[in-house]
Amino acid sequence: MDGSGEVRLPQRHVTELSSFFAAHDRWLFGHAFLRTRGDRELAADLVQDTFEAAARAWTRLRRRAGGQQRAWLLGTLANKDISDFRRREAFRRKQPDILARYQGATSDTAARALNSIALEQARKIIEDMPPRQKKVALMRWQGHMKASEIAAELGIAESTVHAHLHTARGKLVVGLERYYPFGIDNGKEHP
């Protein structure tokens, strides 16, 4: 074995294998060319894979007679072609799923337009709020401040902050009701 884990052939086997390749290469390529329906590159890859398998099995294959060696080559070529065909077919069947998974989502123009309108409406609703309520809402929603931080900054009770946020949310829900896909959640069970 060498450093890569591959079994190294003795030099005399390398010479035998080279002669074996030279003797059967054109014949095997002809069979591969027919199996691949004239695809020269695929046929060449198939021949290479077959001879690599022959090199790995050379200690057993070298003891066989010439006709048995050709039969082994042809059988190995056919098996590799079938395996390759199965791999390609499996990929072909999975390709739509793969494309669907990795392609970007199609643009939903109607939803984008509706979201844009709703966002503009929300901006108007917030803009029309009383100044203190608007400030509390923006500090919370834009500034991501906690209620206690808002109360400290504005010098008001924390319960007043919660009251302003509750009223501001209510105005947004009412103003955006037609854009809200699940209706208003008022805590009541829906039939």
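**Salt bridges and a buried histidine**

At 22% relative accessibility, E89 counts as partly exposed; buried means under 20% relative accessible area, exposed over 50%, and partly exposed in between (1.4 Å probe, protein chains only). The model is predicted: local features need pLDDT of at least 70, side-chain atom pairs count only at pLDDT 80 or more, and totals for chains, interfaces and linings use all residues. Residues are numbered from 1 along each chain as its sequence is written, and side-chain values use heavy atoms, with hydrogens and water left out.

E89 pairs with R92 in a salt bridge, at 2.8 Å from N to O. The term denotes a side-chain nitrogen of Lys or Arg within 4 Å of a carboxyl oxygen of Asp or Glu. Both R92 and E89 belong to helix α4. Helices (H or I, at least four residues) and strands (E, at least two) are DSSP runs, numbered from the N terminus. The two residues are 3 apart, about one turn of the helix. Elsewhere, salt bridges with shared partners join D84, R87 and R88 into one network.

R88 is partly exposed, with a relative accessible area of 37%.

In total, the structure holds 7 salt bridges. Side chains of opposite charge can pair when their charged atoms come close. One of the bridges links R62 to E16, with the closest N and O atoms 2.7 Å apart. R62 sits in the loop between α3 (58-61) and α4 (66-102), and E16 in helix α1 (residues 11-35), so the pair ties together parts that are 46 residues apart in sequence. Both ends are partly exposed: R62 has 30% relative accessibility, and E16 has a relative accessible area of 28%.

Helix α1 also contains H24. H24 counts as buried, at 9% relative accessibility. Its side chain makes a polar contact with the side chain of R70, at 3.2 Å. Such a contact is a pair of N or O atoms within 3.5 Å; within protein, one must be able to donate a hydrogen and the other to accept it, and residues adjacent in sequence count only if both atoms are side-chain atoms. Neighbours within four places in sequence aside, H24 is in contact (heavy atoms within 4.5 Å) with F51, Q69, R70 and L73.
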